[in-house]
Amino acid sequence: MDNELKQNGKTGSALKSMRLRTLPLSLAGVLIGAKLAWRVWQVNPSVIVLLALTTVSLQILSNLSNELGDVLHGTDTEDRQGPAYGLNSGALTVKDMKRLIAGAAACCVVFGTAMVWLSFGTLLCLPSVLLLLLGAGAIAAAVKYTLGKNPYGYRAGGDFWVFVFFGLVSVLGAYFVCCHRMDDWSLVLPAAGIGFFSIGVLNVNNIRDMKTDAPNRVTVALKLGLKNARIYQTVLICLGWACLIAYTMMHFSSPWRLLYLLTLPLYYIHLKGIWANTGRALDKYLPMLVMSTFMLALLY
């Protein structure tokens, strides 16, 4: 019975470390890219399923690697402002976490390879090879965020790479995988929009953890200071909305295309909370931005 309870505890802690509340963010860009592709191509639904599984696996890999990296670098301590995950609570060991990371990476490889093969019918054509290389780059980026001797997440590099992979690669990559074409470069606008919102999620996390990140970890929020980091968050949200609205106006054909504007008040509430709170009180505004972006993607 004790072993069973211990195993159940480890399973629950592993799920916490996967940070399931962040997964809708990774699906938002894929959802928009796939929906835009559906307008111009007969998309195989199985490709979309594998695309979603690959994306979720990459997000989980990033979350697990992030936790392990922060613990090994001594950044996550008892003073951490965010939730306590598996390693912080002592329910998981470093060895457990490494196994979880290996499993998540294996899922990325299996789902990603199956997705490319099902979409193109072969792994040997140029688009397939390029997509597989892009996938390898995404896996490396997920792991190297806080792991290794010189992680880019400790040198204020996270914002750029979140924009690239959660925004540009997510939307444009999903579009290309689904319809095998990239002939509408205005798609960069919704891709950039999701990218800015994704940076916003990271920035909320970094504002919340400003006191505990220093001096081990340098983030954009730490470089800017609290007030400027809040201004940065406001600019990110405004830029995201500007990109999405600009794309809508370029391709406007029906008032139904404005349905996603229903989510705008949620972003206002989010920004109001960012300006009014600090530390642990900011934590609830992270999943709020994640779910707001996912809801926007559903309606976009």
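Which residues in α2 meet P190, I194, S198 and V201 in α8? They are L25, G29, I32 and L36, where a contact means heavy atoms within 4.5 Å. The model you are looking at is predicted, so local features need pLDDT of at least 70 and side-chain atom pairs count only at pLDDT 80 or more, while totals for chains, interfaces and linings use all residues. Residues are numbered from 1 along each chain as its sequence is written, and side-chain values use heavy atoms, with hydrogens and water left out.

**The chain as a whole**

- The chain holds 13 helices and 0 strands; these are DSSP runs numbered from the N terminus, with helices being H or I of at least four residues and strands E of at least two.
- Read from the N terminus, the elements run α-α-α-α-α-α-α-α-α-α-α-α-α.
- A compact globule of 300 residues would have a radius of gyration near 19 Å, and the chain agrees because its own value is 19 Å. This radius is taken over C-alpha atoms, and the globule rule is 2.2 Å times the number of residues to the power 0.38.
- The C-alpha trace spans about 55 × 45 × 40 Å along its principal axes.
- Of the 300 residues, 51% are buried. Here buried means under 20% relative accessible area, exposed means over 50%, and partly exposed lies in between, using a 1.4 Å probe and protein chains only.
- Among contacts with a separation of 6 or more, 76% join residues 24 or more positions apart.

**How α2 packs on α8**

- Helix α2 (residues 23-38) and helix α8 (residues 188-208) pack at about 175°, and their axes are 10 Å apart. The axes are lines fitted to C-alpha atoms, for helices over the stretch in contact, and angles run from 0 to 180 degrees between N-to-C directions.
- That angle makes α2 roughly antiparallel to α8, because angles over 145 degrees count as roughly antiparallel, under 35 as roughly parallel, 65 to 115 as roughly perpendicular and the rest as oblique.
- The residues of this contact divide into 6 nonpolar, 2 polar and no charged. Ala, Val, Leu, Ile, Met, Phe, Trp, Tyr, Cys and Pro count as nonpolar, Asp, Glu, Lys and Arg as charged, and the others, Gly among them, as polar.

**Two residues with a positive phi**

- Most residues other than glycine have a negative phi.
- A156 is not a glycine, yet its phi is positive at about 60°. You can find A156 in the loop between α6 (126-144) and α7 (158-179).
- H180 also has a positive phi, near 60°. H180 sits in the loop between α7 and α8 and is partly exposed, with a relative accessible area of 32%.

**Three residues to look up**

- M250 belongs to helix α11 (residues 226-250), and it counts as exposed because its relative accessibility is 52%.
- Leaving aside neighbours within four places in sequence, M250 is in contact with S186 and L189. M250 and S186 are 64 residues apart along the chain, with 8.4 Å between their C-alpha atoms.
- P127 lies in helix α6 and is partly exposed at 28% relative accessibility. Not counting residues up to four places away in sequence, P127 touches F120 and F176.
- G12 is placed in helix α1 (residues 2-17) and is partly exposed, with a relative accessible area of 29%.
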